[in-house]
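Good morning, colleagues. Today I shall present the salt bridges of one protein, and I would ask you to keep the structure in view as I speak.

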Amino acid sequence: MLCFSVVNFDLELGHALEYTYPPVPFSDAEQKTLCFSAFPDSNSYDQTGDSVFIFRMRNGEFTQKLYLKQYQECNFTRQDQFDAATTGFLPIETDGYTYGHVFFRQQQDSEIRRGFFQKALVLLTPYPWPGLFSHLLALLGPAVMDQFVANRSNSLSGTEILCKSSLLETACVEISQWPPPPSSLTAEVSFETISLQLPFFSTKQYFSFPPYSLFPQLYPLKSRNQDQTTFESTKPIVCNPGKFYQMFHRSLDSIWTCWELMVLGEPIAVMSDTPKACSDAVLALVELIKPMPFGGDYRPYFTIQDSDFTSLTNRGRQPPQGVVLGVTNRVFSKILEHWPHVLEIGKQKKSYSIMDDISIGMNGMQIDELDMSIEKCKFKHKPFFSKDRKLLKAIFEVGVKVKGIDAVNNSLRYHFSELTQRFLQPVNRYFDSLVMGNQNQMNFDCLRTKPEIKPFRQDDFLKIIDSSPPTLPVASKRPVYEFYKLFLLSSNFAAWLQQKTDETYRDWRNHYLDVLCTQDIEIWAKQSLKKGDMVGCIDLLMRLKEELVSDQGFSFLDALFFIFCCKWHDNSTCAFIK
């Protein structure tokens, strides 16, 4: 995480950043976006109580430098992440944005001139894990807000109250003791969820982490022979939950159209009365196309005070491609009236409890307990694919009543994950054909740090699709060729291509390091010297030395370099290398 921030509403100052721990030098624009994004963007006071929601803001200069993004040339291990404190850099898999997880409290208070107590606790982090951070805020937020309410009549400032209680400091200390978060940038990438028991707020919490950011997570389900009490007590909280049924149960037919729009990077506006509802809906849309990367700009909760407001909502030009906005201020109904696709979330029918963030979708809730789902859809899009009527029938007839919400969400996750993977199969195959060479055939006689990748020629790829269209889990209404053609023009294709290129470079480099570390250097050197290949031996030594210089922590390579020099009895060449 980056820090905790407390935002207060002051009658004279308006939205004010009251406290940040640890201190972060936010720019004025970042402070403004942070302050206004931490509060509901409306004048309604009818919804009192606690709520949790998420916003996303562009990294400033400080956070961009702090979250040093690792590109394909970089290769670090788990130990590098532990050593980040000594290097001053955090090898974090950031997407260029900071996520604000908000605990907001609004309650009537006669002791305050305005008549309402309004304050927000914000946890800022480069990770969009709503399951994890909503749970942390559900534990920490009420205690922090109770401190403010209890001391509101004292002369203590908000900073003095928090310093005295040390709640945020204690929370930061506990989080700092957690292991490094999973990342696709590490040398060893898992393809299964990672379950961890983490200390927080003097208790042990169970969480299920995705092994990498694009991994589609499933809800854990109770087995037939498992005791319900045992299952509930040890069931991990999913960090990236796919709340598809919660968001689409009133308009489930439209979920396939939403999948198409997200794949093509179409602009979508999500309108709601509450930040929680619109942020949940936007995150569900992004989860819908995993494992495909979303290459656009999505804002789970967006306000008119955001520093990107003008660039993202300019009525003088076409809606920007690849942008998904979650909004609550009804002014956006006029501002975004030229947007082609709008989702409207139904009004909240019951009072909101902070524990809903944790319990919804986790314990088989019934249909009448669900709230704040997408109710109306306005699309200017002719669908390419049909809905899966068999899946819809199974959900409507037995899914919720018999299997529960978690199982239904898993069914939808399976379906759209498979649909996305099947859609990407021909694109992946064509990309693989562009990679020159085979890393598995690499040895000391043929060492390459990265392969040559030919340009992705869209016309050639579309000819392949036209001649042999892929078989997808849903029937097509329009030519699949046209859908792929639109996809190649989207920001998602650009993000996918960059991701595939980075993965190929990383995999190739990892194999290159494996060859340096595992193959028998002594035998190869003797054979090369017998052939008179002095140049090849010097080249290998230079490669080893280059790796040692670039990564001082690679002690095994250091040992190999020493062994190689000792077993190679050519002092003049060793002196040249040194």
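**Salt bridges in the predicted model**

Let me begin with Asp297 and Arg58, whose side chains meet in a salt bridge with an N to O distance of 3.6 Å. By salt bridge I mean a side-chain nitrogen of Lys or Arg within 4 Å of a carboxyl oxygen of Asp or Glu. This pair links distant parts of the chain: Asp297 belongs to strand S10 (residues 297-299) and Arg58 to strand S3 (residues 49-58), 239 residues apart. Helices (H or I, at least four residues) and strands (E, at least two) are DSSP runs, numbered from the N terminus.

Residues are numbered from 1 along each chain as its sequence is written, and side-chain values use heavy atoms, with hydrogens and water left out.

Are the two partners buried or exposed? Asp297 is buried, at a relative accessible area of 7%, whereas Arg58 is partly exposed, at 40%. Here buried means under 20% relative accessible area, exposed means over 50%, and partly exposed lies in between (1.4 Å probe, protein chains only).

Both residues also belong to a network of salt bridges that links Arg56, Arg58, Asp95, Asp297, Arg299, Asp306 and Asp308. In general, side chains of opposite charge can pair when their charged atoms come close.

I turn to a second pair. Glu375 forms a salt bridge with Arg250, and their closest N and O atoms are 3.8 Å apart. Distant parts of the chain are linked here too: Glu375 is in strand S13 (residues 374-378), and Arg250 is in the loop between helix H9 (244-248) and helix H10 (255-264), 125 residues away. Glu375 is partly exposed, with a relative accessible area of 43%, and Arg250 is partly exposed as well, with 27%.

Lys276 and Asp280 are both in helix H11 (residues 275-288), four residues apart, or about one turn of the helix. The closest N and O atoms of their salt bridge are 2.9 Å apart, and both residues are buried.

Finally, the whole structure. The search finds 20 salt bridges in total. The protein has 23 helices and 15 strands, and of its 578 residues, 53% count as buried.

Notes:
This is a predicted model: local features need pLDDT of at least 70, side-chain atom pairs count only at pLDDT 80 or more; totals for chains, interfaces and linings use all residues.
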